[in-house]
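Me: I would like to go through this structure with you. Here it is.

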Amino acid sequence: MTELLLHTADELHKLPRTGRRAVVMTMGALHEGHATLIRTAREQAGPEGQVVVTVFVNPLQFGAGEDLDRYPRTLDADLSIAEEAGADAVFAPSVDEVYPGGDPQVRVSAGPMGERLEGATRPGHFDGMLTVVAKLLHLTRPDLALFGQKDAQQLALIRRMVTDLNFPVEVVGVPTVREEDGLALSSRNRYLSPADRQTALALSRALFAGRDRLAAQAALRARAEAAPATDERATALARLGEIRASADAHAVSAACAGLPDAVRAAAAHVLDDAARSEPPLVLDYLALVDPKDFTEAGPDFTGQAVLAVAAKVGTTRLIDNIPLEFGAHS
């Protein structure tokens with residue numbers, strides 16, 4: 001793989017192009033989540049296509065006090081993982097190569113969506129992320145760009161940038177890869193002590209609790225909608241001993257109304273318990289949002305949503321999310 005390790009834009013531009021090119025952008029410290037992205041890129045590019053992996057720790061998306069210097073840099077191991085997963089080339093430029101004039105004076109603005117959730121906690125983070133993604137898209141000139149759904153707000157912003165600024169690339173989201181205990185794979189997981197990790201599992205448990213509450217309420221609604229809808233028919237069924245059907249008929253409105261709040265509450269209960277663990281989980285945010293703009297889902301929300309959480313355990317900040325689907329109310 002070393003012969004296909006590229007460090008400069010000139011080397012990248014001289015790389016012979018075959019078929020469709022797919023790019024996977026990373027900050028290194030590759031793990032199975034990245035490998036899944038690369039394997040998916042290989043599948044989508046096809047046997048005649050080309051997969052380029054970028055490895056660049058972007059200083060623009062690290063704020064004051066964040067872990068730029070601490071961020072793991074493991075290029076030799078990254079090359080092995082990338083090659084095994086099917087990459088054709090790895091582009092690992094220096095900071096000077098990406099920003100030859102120092103900090104860029106012109107940057108991509110993430111706009112209002114970039115100021116919510118992660119953006120509120122990490123001001124300027126998404127501007128820096130979009131700026132480097134835009135540069136790397138220009139440098140690699142891919143047909144496809146693959147990003148993990150674990151960074152849901154990042155993925156949504158990249159999709160919006162590509163649409164709003166007419167980048168000629170297809171953005172592909174790849175589902176989150178989890179460890180056996182449910183923890184979402186992240187380069188930052190290596191910072192967790194055994195005790196930290198036990199507390200950190202509350203993030204995925206909270207998301208799954210919200211998902212399960214949604215499924216339970218949806219099942220109740222379906223059962224209720226199949227039962228008589230009028231008081232008269234429900235009472236008649238009750239006289240015949242169909243007490244459960246009668247109860248479900250009266251419960252249909254409760255099953256439909258305020259479901260987003262019920263999902264949030266189920267997740268929050270798990271996180272509240274984790275806040276009393278040792279070490280404690282320190283919640284940054286729990287949000288149920290519309291993935292189009294990352295605004296909070298209201299009580300009557302329908303369609304696709306993202307249940308997202310961010311918290312710190314010890315000195316390590318972690319994020320996670322799951323997609324959910326809220327059906328239309330009858």
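Me: Which residue's side chain has a polar contact with the side chain of E118?
Reply: The side chain of Y285 does, at 2.6 Å. A polar contact is a pair of N or O atoms within 3.5 Å; within protein, one must be able to donate a hydrogen and the other to accept it, and residues adjacent in sequence count only if both atoms are side-chain atoms. This is a predicted model, where local features need pLDDT of at least 70, side-chain atom pairs count only at pLDDT 80 or more, and totals for chains, interfaces and linings use all residues. Residues are numbered from 1 along each chain as its sequence is written, and side-chain values use heavy atoms, leaving out hydrogens and water.

Me: Is E118 buried or exposed?
Reply: E118 is buried, at 5% relative accessible area (buried is under 20%, exposed over 50%, partly exposed in between, with a 1.4 Å probe and protein chains only).

Me: What else does E118 touch, beyond four places in sequence?
Reply: Besides Y285, E118 is in contact with F126, Q153, A310, R317 and I319 (contact means heavy atoms within 4.5 Å).

Me: Turning to the sheet, what is the strand order?
Reply: The open sheet of 6 strands runs β1-β4-β3-β2-β5-β6, with parallel pairing. Strands are DSSP runs of E, at least two residues, numbered from the N terminus, and two of them pair if DSSP finds at least two bridges.

Me: How many bridges join β3 and β4?
Reply: β3 (residues 50–55) and β4 (residues 89–91) pair over 3 bridges; V53 has V90 in β4 as its bridge partner.

Methods
Helices (H or I, at least four residues) and strands (E, at least two) are DSSP runs, numbered from the N terminus.
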